[in-house]
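Hi,

Here is the model I said I would pass on. Could you open it next to this email while you read?

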Amino acid sequence: MVTVVKIGGSLFPEYTEELCKQLTKSNEKVVLVNGGGSLANNIREFNKIYPFSDDINHWNAIKCMDIIGNFIADENKNIIPITSLEEIKNIHKTNKVPLILTYELIRKEDPLKHSWNVTSDSIACWIANKINAKLLILTNVDGIYRGNISSNNKKLIKSINAKELLFFKETCIDKCLPKLLIKYHLDCFIINGKYPSRVMAHLNSDNNVNNFYTHIGGE
């Protein structure tokens with residue numbers, strides 16, 4: 001089975017080179033989707049000064065994803081940027097890893113609400129549902145916590161139902177993702193992408209190696 005691996009924009013550029021080097025060695029077929037990183041964050045900041053329309057913010061943020069995606073693919077010759085889901089199987093046949101540049105695809109189908117509550121997390125979830133794949137989200141923290149993430153009292157949640165997440169004020173995932181997981185009856189895992197060994201342990205189903213993750217059940 002295929003796993004859609006969403007590489008958080010917070011991992012670029014410091015951690016993506018080694019991470020992607022390891023991902024290309026995975027025995028499991030993976031499809032990469034990346035976040036917009038600091039480029040998309042700049043759009044958020046611009047919007048605080050000049051309130052642009054939700055439509056223009058949505059599409060420009062997705063364009064940022066494509067820019068970062070091209071940078072990530074440029075770092076590794078075994079990662080091939082693509083613009084359609086139909087290309088995935090052909091890339092896998094060459095033993096390379098497809099990275100989806102999402103602007104053209106999302107612009108054509110326009111499946112998600114134009115809102116800051118929708119980010120690359122939700123886009124990766126939508127793609128995973130489209131291709132009947134598993135979903136793995138890589139970010140710069142170990143997962144979802146109870147308590148203030150900046151405090152010493154925080155506690156990593158190993159497993160949680162997506163319905164419960166609807167009542168969390170802020171986490172490392174976007175606010176729309178739990179709704180989509182419920183809608184698609186899709187589970188996902190969140191792992192810290194700064195530690196490629198944890199990611200590879202998950203992909204190789206060796207959960208004894210990695211105890212730092214959050215599993216979200218979509219039922």
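Below are my notes, taken one region at a time.

First, the ground rules. This is a predicted model, where local features need pLDDT of at least 70 and side-chain atom pairs count only at pLDDT 80 or more, while totals for chains, interfaces and linings use all residues. Residues are numbered from 1 along each chain as its sequence is written, and side-chain values use heavy atoms, with hydrogens and water left out.

Strands first. Helices (H or I, at least four residues) and strands (E, at least two) are DSSP runs, numbered from the N terminus. Two strands count as paired if DSSP finds at least two bridges between them. Buried is under 20% relative accessible area, exposed is over 50%, and partly exposed is in between (1.4 Å probe, protein chains only).

Strand β10 (residues 214-217) is covered on both faces: Thr214 and Ile216 are buried on one side, His215 and Gly217 on the other. β10 pairs with strand β8 (residues 159-161) in the parallel sense over three bridges, with Ser159 standing opposite His215. Strand β9 (residues 188-192) pairs with β10 as well, antiparallel and over three bridges. There, Phe189 has His215 as its bridge partner, and Cys188 has Ile216.

β9 is mostly covered too, with four of its five residues buried. Four bridges join β9 to strand β5 (residues 134-139), and these two run parallel. Thr139 stands opposite Asn192 in that pairing.

On to the helices. α3 has 22 residues and reaches 32 Å from its first C-alpha to its last, close to the 32 Å expected at 1.5 Å a residue (the expected span is 1.5 Å times one less than the number of residues). Its buried residues include Trp59, Ile62, Cys64, Met65 and Ile68.

In α5 (residues 102-109), Thr102, Leu105 and Ile106 are buried. Seen down the helix axis they fall within an arc of 90°, so they line one face of α5 (the arc is that of the directions from the axis to the C-beta atoms). Glu104 and Lys108, on the other side, are exposed. The buried residues of α5 pack against β2 (30-34), α3 (54-75), β4 (97-100) and α6 (120-130); contact here means heavy atoms within 4.5 Å. Just after α5, Asp110 takes a positive phi of about 45°.

Asp121 sits in helix α6 and counts as buried, at 3% relative accessibility. Its side chain makes a polar contact with the side chain of Lys6 (2.8 Å). A polar contact is a pair of N or O atoms within 3.5 Å; within protein, one must be able to donate a hydrogen and the other to accept it, and residues adjacent in sequence count only if both atoms are side-chain atoms. Leaving aside neighbours within four places in sequence, Asp121 is in contact with Lys6, Ile137, Cys172, Ile173, Asp174 and Leu177.

For Cys188, the nearest is that of Cys125, 7.2 Å away. Cys64 is buried, with a relative accessible area of 8%, and Cys188 is buried at 0%.

Cheers

Notes:
A disulfide is a pair of cysteine sulfur atoms within 2.5 Å.
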